[in-house]
Amino acid sequence: MTEKHASVAGEVVLKPGKEKSLRRRHPWVYDTAVARVGGKPAPGATVAVRGADGSWLAWAAYSPQSTLRARCWSFVENDTIDRDWFAARVQAAVARRAHLAGASDALRLVFGEADQLPGLIADRYGRQLVVQFQAAGVEAQRDLLLDALVAASGCVNVYDRSDSTTRQREGLPATQGVARGAEPPELIRVREKVHEDALDFLVDVRRGHKTGFYIDQRDNRALAGSITQQLARELGRAPRVLNCFSYTGGFSLAALLGGAGAVVSIDSSADALELARRICQNSDQGSAAAHGIALEWQQADAFEALRELQRAQREFDLIVLDPPKFAASHHHVDRAARAYKDINMNALRLLAPGGALMTFSCSGAIDADLFQKIVAGAVIDARVDVQMRRRLAAGEDHPLLMTHPEGEYLKGLLLIRV
(Lines give C-alpha, C1' and ligand atoms only; values in the text may rest on other atoms or scores of the structure.)
Protein backbone atom coordinates (compact mmCIF):
# COMPACT_ATOMS: atom_id res chain seq x y z
CA MET A 1 0.00 0.00 0.00
CA THR A 2 1.47 3.36 -1.02
CA GLU A 3 1.65 6.37 1.31
CA LYS A 4 -0.82 8.12 -0.94
CA HIS A 5 -3.42 5.47 -0.15
CA ALA A 6 -2.57 4.92 3.49
CA SER A 7 -6.25 5.41 4.35
CA VAL A 8 -7.17 2.26 2.41
CA ALA A 9 -8.13 -0.40 4.97
CA GLY A 10 -7.75 -3.55 2.91
CA GLU A 11 -8.71 -5.19 -0.32
CA VAL A 12 -11.51 -7.23 -1.85
CA VAL A 13 -10.30 -9.89 -4.27
CA LEU A 14 -12.80 -11.20 -6.79
CA LYS A 15 -13.35 -14.70 -8.06
CA PRO A 16 -12.09 -15.50 -11.56
CA GLY A 17 -14.35 -14.00 -14.23
CA LYS A 18 -16.16 -11.68 -11.82
CA GLU A 19 -14.22 -8.59 -12.80
CA LYS A 20 -16.08 -8.00 -16.07
CA SER A 21 -18.78 -5.71 -14.67
CA LEU A 22 -16.22 -3.53 -12.91
CA ARG A 23 -14.15 -3.20 -16.04
CA ARG A 24 -17.36 -1.84 -17.55
CA ARG A 25 -17.57 0.58 -14.60
CA HIS A 26 -20.61 -0.91 -12.92
CA PRO A 27 -20.31 0.33 -9.32
CA TRP A 28 -21.51 -2.73 -7.36
CA VAL A 29 -19.65 -5.81 -6.10
CA TYR A 30 -21.93 -8.60 -4.87
CA ASP A 31 -20.93 -10.94 -2.07
CA THR A 32 -21.10 -13.90 -4.45
CA ALA A 33 -18.32 -12.35 -6.56
CA VAL A 34 -15.86 -12.09 -3.66
CA ALA A 35 -13.12 -14.69 -3.26
CA ARG A 36 -11.52 -13.20 -0.16
CA VAL A 37 -11.06 -10.02 1.84
CA GLY A 38 -7.57 -8.86 2.73
CA GLY A 39 -6.99 -6.95 5.96
CA LYS A 40 -9.71 -6.15 8.46
CA PRO A 41 -11.75 -3.34 6.90
CA ALA A 42 -14.48 -1.89 9.09
CA PRO A 43 -17.97 -1.25 7.69
CA GLY A 44 -17.73 1.66 5.24
CA ALA A 45 -13.93 1.59 5.04
CA THR A 46 -12.24 2.24 1.72
CA VAL A 47 -10.81 -0.88 0.08
CA ALA A 48 -9.08 -1.70 -3.17
CA VAL A 49 -11.02 -4.07 -5.40
CA ARG A 50 -8.80 -6.45 -7.33
CA GLY A 51 -9.33 -9.11 -9.93
CA ALA A 52 -8.37 -12.73 -9.31
CA ASP A 53 -5.02 -11.99 -10.97
CA GLY A 54 -4.32 -9.18 -8.49
CA SER A 55 -4.96 -6.36 -10.95
CA TRP A 56 -6.43 -3.16 -9.48
CA LEU A 57 -10.04 -2.45 -10.50
CA ALA A 58 -11.54 0.21 -8.23
CA TRP A 59 -11.62 2.01 -4.90
CA ALA A 60 -14.75 1.04 -3.02
CA ALA A 61 -16.60 1.22 0.31
CA TYR A 62 -16.73 -2.11 2.13
CA SER A 63 -20.03 -3.36 3.58
CA PRO A 64 -19.59 -6.73 5.35
CA GLN A 65 -23.29 -7.28 6.16
CA SER A 66 -24.77 -6.43 2.77
CA THR A 67 -25.16 -8.58 -0.32
CA LEU A 68 -23.67 -5.51 -2.03
CA ARG A 69 -20.32 -6.21 -0.44
CA ALA A 70 -18.64 -3.15 -1.95
CA ARG A 71 -19.83 0.01 -3.70
CA CYS A 72 -17.27 1.66 -5.90
CA TRP A 73 -16.12 5.22 -5.33
CA SER A 74 -13.73 5.51 -8.25
CA PHE A 75 -12.30 3.61 -11.20
CA VAL A 76 -9.25 5.91 -11.36
CA GLU A 77 -6.29 4.36 -9.56
CA ASN A 78 -4.60 7.71 -8.96
CA ASP A 79 -7.60 9.06 -7.05
CA THR A 80 -7.18 9.55 -3.32
CA ILE A 81 -10.48 8.96 -1.52
CA ASP A 82 -10.32 11.67 1.12
CA ARG A 83 -12.13 14.81 2.30
CA ASP A 84 -11.14 16.83 -0.77
CA TRP A 85 -12.28 14.03 -3.08
CA PHE A 86 -15.74 13.86 -1.47
CA ALA A 87 -16.06 17.64 -1.40
CA ALA A 88 -15.29 17.79 -5.13
CA ARG A 89 -17.89 15.11 -5.91
CA VAL A 90 -20.59 16.90 -3.92
CA GLN A 91 -19.71 20.27 -5.46
CA ALA A 92 -19.86 18.78 -8.96
CA ALA A 93 -23.25 17.18 -8.30
CA VAL A 94 -24.75 20.45 -7.03
CA ALA A 95 -23.23 22.43 -9.90
CA ARG A 96 -24.76 20.07 -12.49
CA ARG A 97 -28.20 21.06 -11.23
CA ALA A 98 -27.62 24.81 -10.97
CA HIS A 99 -29.62 25.48 -14.14
CA LEU A 100 -32.70 23.88 -12.55
CA ALA A 101 -32.84 26.33 -9.65
CA GLY A 102 -35.51 28.41 -11.36
CA ALA A 103 -37.71 25.39 -12.07
CA SER A 104 -38.50 24.51 -8.47
CA ASP A 105 -37.65 25.16 -4.84
CA ALA A 106 -37.45 21.36 -4.48
CA LEU A 107 -34.50 19.66 -6.16
CA ARG A 108 -32.46 16.51 -5.74
CA LEU A 109 -28.87 17.66 -5.37
CA VAL A 110 -27.19 14.26 -5.00
CA PHE A 111 -28.54 11.01 -6.42
CA GLY A 112 -26.33 8.20 -5.18
CA GLU A 113 -24.60 6.15 -7.84
CA ALA A 114 -25.58 8.58 -10.59
CA ASP A 115 -23.39 11.21 -8.92
CA GLN A 116 -20.69 8.66 -8.05
CA LEU A 117 -21.59 8.87 -4.36
CA PRO A 118 -23.31 5.49 -3.90
CA GLY A 119 -25.85 5.45 -1.12
CA LEU A 120 -26.15 9.22 -0.63
CA ILE A 121 -29.38 11.13 -1.29
CA ALA A 122 -29.58 14.88 -0.73
CA ASP A 123 -32.73 16.88 -1.48
CA ARG A 124 -33.22 20.63 -1.15
CA TYR A 125 -36.53 22.20 -0.13
CA GLY A 126 -36.00 25.95 -0.22
CA ARG A 127 -33.25 26.58 2.33
CA GLN A 128 -33.63 23.16 3.96
CA LEU A 129 -31.55 20.10 3.05
CA VAL A 130 -32.82 16.58 3.72
CA VAL A 131 -30.37 13.70 3.47
CA GLN A 132 -30.40 9.91 3.45
CA PHE A 133 -27.27 7.86 4.14
CA GLN A 134 -28.31 4.51 2.68
CA ALA A 135 -25.02 2.59 2.66
CA ALA A 136 -22.11 1.87 4.97
CA GLY A 137 -19.66 3.86 2.85
CA VAL A 138 -21.47 7.19 3.03
CA GLU A 139 -22.39 6.55 6.67
CA ALA A 140 -18.68 6.24 7.49
CA GLN A 141 -18.09 9.60 5.75
CA ARG A 142 -21.15 11.28 7.24
CA ASP A 143 -19.51 14.33 8.83
CA LEU A 144 -17.36 15.32 5.90
CA LEU A 145 -20.24 14.76 3.46
CA LEU A 146 -22.50 16.97 5.56
CA ASP A 147 -19.79 19.64 5.58
CA ALA A 148 -19.50 19.37 1.81
CA LEU A 149 -23.27 19.59 1.27
CA VAL A 150 -23.60 22.69 3.42
CA ALA A 151 -20.69 24.34 1.62
CA ALA A 152 -21.90 23.46 -1.87
CA SER A 153 -25.59 24.30 -1.36
CA GLY A 154 -25.37 27.24 1.02
CA CYS A 155 -28.06 25.59 3.18
CA VAL A 156 -27.06 25.53 6.84
CA ASN A 157 -30.02 23.45 8.05
CA VAL A 158 -29.85 19.73 7.30
CA TYR A 159 -32.36 17.10 8.42
CA ASP A 160 -31.50 13.40 8.35
CA ARG A 161 -34.12 10.93 7.05
CA SER A 162 -31.92 7.83 7.05
CA ASP A 163 -34.90 5.73 8.12
CA SER A 164 -35.42 3.52 5.07
CA THR A 165 -35.22 -0.28 5.01
CA THR A 166 -32.14 0.01 2.80
CA ARG A 167 -30.05 0.69 5.90
CA GLN A 168 -31.18 -2.57 7.48
CA ARG A 169 -29.64 -4.49 4.60
CA GLU A 170 -26.39 -2.62 5.30
CA GLY A 171 -26.47 -3.56 8.98
CA LEU A 172 -27.14 0.06 9.94
CA PRO A 173 -29.77 1.32 12.39
CA ALA A 174 -32.44 3.74 11.22
CA THR A 175 -31.66 7.34 12.16
CA GLN A 176 -33.67 10.54 11.97
CA GLY A 177 -33.16 14.03 13.29
CA VAL A 178 -31.33 17.31 12.86
CA ALA A 179 -27.90 16.76 11.30
CA ARG A 180 -26.86 20.41 10.99
CA GLY A 181 -28.41 23.70 12.07
CA ALA A 182 -31.97 24.01 13.39
CA GLU A 183 -35.13 21.93 13.40
CA PRO A 184 -37.11 22.24 10.15
CA PRO A 185 -40.48 24.00 10.27
CA GLU A 186 -43.62 21.89 10.57
CA LEU A 187 -44.28 22.39 6.86
CA ILE A 188 -42.07 23.86 4.14
CA ARG A 189 -43.67 25.68 1.22
CA VAL A 190 -42.10 24.92 -2.16
CA ARG A 191 -43.03 26.13 -5.62
CA GLU A 192 -42.79 24.40 -8.99
CA LYS A 193 -42.95 26.50 -12.11
CA VAL A 194 -45.19 25.11 -14.84
CA HIS A 195 -44.95 27.16 -18.02
CA GLU A 196 -46.14 30.63 -16.93
CA ASP A 197 -47.91 29.33 -13.84
CA ALA A 198 -46.76 27.65 -10.65
CA LEU A 199 -47.76 24.91 -8.24
CA ASP A 200 -47.34 25.54 -4.52
CA PHE A 201 -46.87 22.58 -2.18
CA LEU A 202 -46.43 22.05 1.55
CA VAL A 203 -43.78 19.48 2.47
CA ASP A 204 -43.41 17.63 5.76
CA VAL A 205 -39.76 16.57 5.74
CA ARG A 206 -40.00 14.81 9.10
CA ARG A 207 -42.97 12.54 8.49
CA GLY A 208 -43.52 12.55 4.73
CA HIS A 209 -42.68 9.77 2.29
CA LYS A 210 -39.05 9.53 1.18
CA THR A 211 -37.56 12.89 2.15
CA GLY A 212 -41.01 14.49 2.30
CA PHE A 213 -42.12 14.85 -1.32
CA TYR A 214 -41.98 13.16 -4.73
CA ILE A 215 -39.45 15.48 -6.32
CA ASP A 216 -38.88 12.91 -9.08
CA GLN A 217 -42.39 13.48 -10.51
CA ARG A 218 -41.97 17.21 -11.20
CA ASP A 219 -41.88 16.90 -15.00
CA ASN A 220 -44.75 14.42 -14.99
CA ARG A 221 -46.90 16.73 -12.86
CA ALA A 222 -46.34 19.45 -15.45
CA LEU A 223 -47.29 16.97 -18.17
CA ALA A 224 -50.50 16.08 -16.33
CA GLY A 225 -51.43 19.75 -16.31
CA SER A 226 -50.75 20.05 -20.04
CA ILE A 227 -52.77 16.91 -20.81
CA THR A 228 -55.69 18.29 -18.82
CA GLN A 229 -55.54 21.51 -20.85
CA GLN A 230 -55.44 19.56 -24.11
CA LEU A 231 -58.36 17.36 -23.08
CA ALA A 232 -60.39 20.44 -22.17
CA ARG A 233 -59.87 21.83 -25.68
CA GLU A 234 -60.70 18.52 -27.35
CA LEU A 235 -63.74 17.74 -25.20
CA GLY A 236 -65.13 21.25 -25.03
CA ARG A 237 -65.61 20.84 -21.27
CA ALA A 238 -63.61 20.56 -18.08
CA PRO A 239 -62.06 17.06 -17.80
CA ARG A 240 -62.76 14.59 -15.00
CA VAL A 241 -59.58 13.37 -13.29
CA LEU A 242 -58.80 10.42 -11.03
CA ASN A 243 -55.56 10.42 -9.02
CA CYS A 244 -54.87 7.07 -7.32
CA PHE A 245 -52.18 6.74 -4.64
CA SER A 246 -52.44 10.52 -4.56
CA TYR A 247 -50.26 11.14 -1.47
CA THR A 248 -50.34 14.94 -0.90
CA GLY A 249 -52.08 15.63 -4.19
CA GLY A 250 -49.32 16.68 -6.55
CA PHE A 251 -51.04 15.38 -9.67
CA SER A 252 -54.42 16.59 -8.38
CA LEU A 253 -53.15 20.15 -8.09
CA ALA A 254 -51.52 19.95 -11.53
CA ALA A 255 -54.85 18.85 -13.01
CA LEU A 256 -56.62 21.75 -11.31
CA LEU A 257 -54.05 24.10 -12.79
CA GLY A 258 -54.81 22.57 -16.19
CA GLY A 259 -58.53 23.25 -15.88
CA ALA A 260 -60.03 20.03 -14.50
CA GLY A 261 -63.69 20.26 -13.54
CA ALA A 262 -63.68 17.32 -11.14
CA VAL A 263 -60.80 15.59 -9.35
CA VAL A 264 -61.04 12.43 -7.27
CA SER A 265 -57.94 11.79 -5.10
CA ILE A 266 -57.54 8.38 -3.44
CA ASP A 267 -54.95 7.42 -0.83
CA SER A 268 -54.81 5.08 2.15
CA SER A 269 -53.32 7.77 4.40
CA ALA A 270 -55.70 10.15 6.13
CA ASP A 271 -52.79 12.45 7.03
CA ALA A 272 -51.62 12.67 3.40
CA LEU A 273 -55.13 13.45 2.20
CA GLU A 274 -55.59 16.11 4.86
CA LEU A 275 -52.37 17.81 3.78
CA ALA A 276 -53.42 17.49 0.13
CA ARG A 277 -56.75 19.12 0.95
CA ARG A 278 -54.95 21.92 2.76
CA ILE A 279 -52.57 22.47 -0.16
CA CYS A 280 -55.42 22.68 -2.65
CA GLN A 281 -57.48 25.00 -0.47
CA ASN A 282 -54.53 27.37 -0.07
CA SER A 283 -53.67 27.44 -3.78
CA ASP A 284 -55.12 29.64 -6.48
CA GLN A 285 -56.36 26.55 -8.25
CA GLY A 286 -57.85 25.01 -5.11
CA SER A 287 -59.71 28.18 -4.18
CA ALA A 288 -61.47 27.87 -7.53
CA ALA A 289 -63.11 24.72 -6.13
CA ALA A 290 -65.56 27.04 -4.43
CA HIS A 291 -66.67 28.08 -7.90
CA GLY A 292 -67.87 24.83 -9.36
CA ILE A 293 -64.86 22.48 -9.30
CA ALA A 294 -65.72 19.19 -7.61
CA LEU A 295 -62.94 17.86 -5.35
CA GLU A 296 -63.32 14.41 -3.78
CA TRP A 297 -60.89 13.02 -1.20
CA GLN A 298 -61.21 9.31 -0.55
CA GLN A 299 -59.27 7.48 2.15
CA ALA A 300 -59.37 3.98 0.72
CA ASP A 301 -57.42 1.04 -0.60
CA ALA A 302 -56.87 1.97 -4.24
CA PHE A 303 -57.35 -1.60 -5.47
CA GLU A 304 -60.84 -1.79 -3.99
CA ALA A 305 -61.63 1.84 -4.80
CA LEU A 306 -61.05 1.22 -8.51
CA ARG A 307 -63.55 -1.64 -8.42
CA GLU A 308 -66.05 0.47 -6.49
CA LEU A 309 -65.79 3.24 -9.07
CA GLN A 310 -66.58 0.69 -11.78
CA ARG A 311 -69.63 -0.49 -9.86
CA ALA A 312 -70.73 3.15 -9.65
CA GLN A 313 -70.22 3.44 -13.43
CA ARG A 314 -67.85 6.39 -13.05
CA GLU A 315 -65.75 7.50 -16.02
CA PHE A 316 -62.65 9.72 -16.18
CA ASP A 317 -60.75 11.62 -18.86
CA LEU A 318 -57.37 11.50 -17.11
CA ILE A 319 -56.26 8.83 -14.65
CA VAL A 320 -52.95 8.83 -12.78
CA LEU A 321 -51.58 5.69 -11.12
CA ASP A 322 -48.49 6.40 -9.01
CA PRO A 323 -48.35 3.53 -6.50
CA PRO A 324 -45.67 2.89 -3.90
CA LYS A 325 -42.93 0.35 -4.55
CA PHE A 326 -44.58 -3.06 -5.04
CA ALA A 327 -41.30 -4.99 -5.47
CA ALA A 328 -38.64 -4.33 -2.83
CA SER A 329 -36.34 -6.86 -4.53
CA HIS A 330 -36.31 -9.41 -7.35
CA HIS A 331 -37.93 -11.90 -4.94
CA HIS A 332 -41.16 -9.89 -5.10
CA VAL A 333 -41.40 -9.36 -8.86
CA ASP A 334 -44.17 -11.91 -9.54
CA ARG A 335 -46.40 -10.56 -6.79
CA ALA A 336 -45.72 -6.99 -7.87
CA ALA A 337 -46.51 -7.80 -11.50
CA ARG A 338 -49.94 -9.08 -10.48
CA ALA A 339 -50.58 -5.90 -8.49
CA TYR A 340 -49.52 -3.60 -11.34
CA LYS A 341 -51.68 -5.54 -13.79
CA ASP A 342 -54.69 -5.36 -11.48
CA ILE A 343 -54.65 -1.60 -10.95
CA ASN A 344 -53.96 -0.85 -14.61
CA MET A 345 -56.69 -3.17 -15.88
CA ASN A 346 -59.28 -1.61 -13.58
CA ALA A 347 -58.13 1.93 -14.33
CA LEU A 348 -58.42 1.30 -18.06
CA ARG A 349 -62.01 0.16 -17.57
CA LEU A 350 -62.75 3.58 -16.05
CA LEU A 351 -61.04 5.54 -18.83
CA ALA A 352 -63.30 7.40 -21.25
CA PRO A 353 -62.66 7.10 -25.01
CA GLY A 354 -59.95 9.61 -25.89
CA GLY A 355 -58.86 9.73 -22.27
CA ALA A 356 -55.30 9.47 -20.97
CA LEU A 357 -53.73 7.13 -18.42
CA MET A 358 -50.42 8.07 -16.79
CA THR A 359 -49.18 4.93 -15.08
CA PHE A 360 -45.97 4.51 -13.09
CA SER A 361 -43.77 2.00 -11.30
CA CYS A 362 -41.06 3.00 -8.83
CA SER A 363 -39.95 -0.61 -8.25
CA GLY A 364 -36.31 -0.87 -9.28
CA ALA A 365 -36.65 -4.65 -9.58
CA ILE A 366 -39.14 -4.16 -12.44
CA ASP A 367 -37.42 -2.68 -15.47
CA ALA A 368 -39.06 -0.58 -18.16
CA ASP A 369 -39.52 -3.47 -20.60
CA LEU A 370 -41.18 -5.68 -18.00
CA PHE A 371 -43.43 -2.85 -16.86
CA GLN A 372 -44.56 -2.25 -20.43
CA LYS A 373 -45.35 -5.95 -20.83
CA ILE A 374 -47.35 -5.96 -17.60
CA VAL A 375 -49.39 -2.95 -18.71
CA ALA A 376 -49.91 -4.52 -22.14
CA GLY A 377 -51.39 -7.55 -20.39
CA ALA A 378 -53.71 -5.23 -18.47
CA VAL A 379 -54.82 -3.63 -21.74
CA ILE A 380 -55.66 -7.04 -23.18
CA ASP A 381 -57.66 -8.07 -20.13
CA ALA A 382 -59.47 -4.72 -20.00
CA ARG A 383 -60.52 -5.30 -23.62
CA VAL A 384 -59.91 -1.70 -24.71
CA ASP A 385 -57.94 -0.20 -27.58
CA VAL A 386 -55.00 1.82 -26.32
CA GLN A 387 -52.02 3.63 -27.82
CA MET A 388 -48.78 4.26 -25.97
CA ARG A 389 -47.82 7.87 -26.67
CA ARG A 390 -44.78 8.33 -24.47
CA ARG A 391 -42.48 6.69 -21.96
CA LEU A 392 -42.17 8.65 -18.73
CA ALA A 393 -39.28 8.94 -16.28
CA ALA A 394 -37.91 10.94 -13.38
CA GLY A 395 -36.83 14.54 -13.80
CA GLU A 396 -33.44 15.82 -14.89
CA ASP A 397 -32.19 16.06 -11.31
CA HIS A 398 -32.50 12.25 -11.11
CA PRO A 399 -30.00 11.32 -13.86
CA LEU A 400 -29.12 7.78 -14.88
CA LEU A 401 -25.51 6.63 -14.80
CA MET A 402 -25.32 4.66 -18.04
CA THR A 403 -23.18 1.93 -16.50
CA HIS A 404 -25.71 1.51 -13.67
CA PRO A 405 -29.11 0.75 -15.26
CA GLU A 406 -30.49 -0.22 -11.84
CA GLY A 407 -30.67 3.50 -11.09
CA GLU A 408 -33.68 3.86 -13.40
CA TYR A 409 -36.19 3.08 -10.68
CA LEU A 410 -39.05 5.34 -11.84
CA LYS A 411 -40.61 4.48 -15.14
CA GLY A 412 -43.99 5.27 -16.60
CA LEU A 413 -46.22 5.18 -19.67
CA LEU A 414 -48.62 7.67 -21.16
CA LEU A 415 -51.52 5.74 -22.73
CA ILE A 416 -54.44 7.07 -24.76
CA ARG A 417 -57.67 5.14 -25.18
CA VAL A 418 -58.73 5.24 -28.84
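Helices (H or I, at least four residues) and strands (E, at least two) are DSSP runs, numbered from the N terminus. Welcome to a short tour of a predicted model, in which local features need pLDDT of at least 70, side-chain atom pairs count only at pLDDT 80 or more, and totals for chains, interfaces and linings use all residues. Residues are numbered from 1 along each chain as its sequence is written, and side-chain values use heavy atoms, with hydrogens and water left out.

**Positive phi values**
- Most residues other than glycine have a negative phi.
- Arg25, in the loop between α1 (20–23) and β2 (28–30), has a positive phi near 70 degrees.
- Tyr247 has a positive phi near 50 degrees and sits in the loop between β14 (240–244) and α7 (250–257).
- With buried meaning under 20% relative accessible area, exposed over 50% and partly exposed in between (1.4 Å probe, protein chains only), Arg25 is partly exposed at 42%, whereas Tyr247 is buried at 6%.

**Thr359 in strand β18**
- Thr359 belongs to strand β18 (residues 351–361) and is buried, at 0% relative accessible area.
- Contact means heavy atoms within 4.5 Å; leaving aside residues up to four places away in sequence, the residues that Thr359 touches include Asn344, Phe371 and Val375.

**Helix α12**
- Helix α12 covers residues 368–382, and its buried residues include Phe371 and Val375.
- The buried residues of α12 pack against α11 (333–348), β18, β19 (386–393) and β20 (411–417).

Technical notes
Expected span 1.5 Å × (residues − 1).
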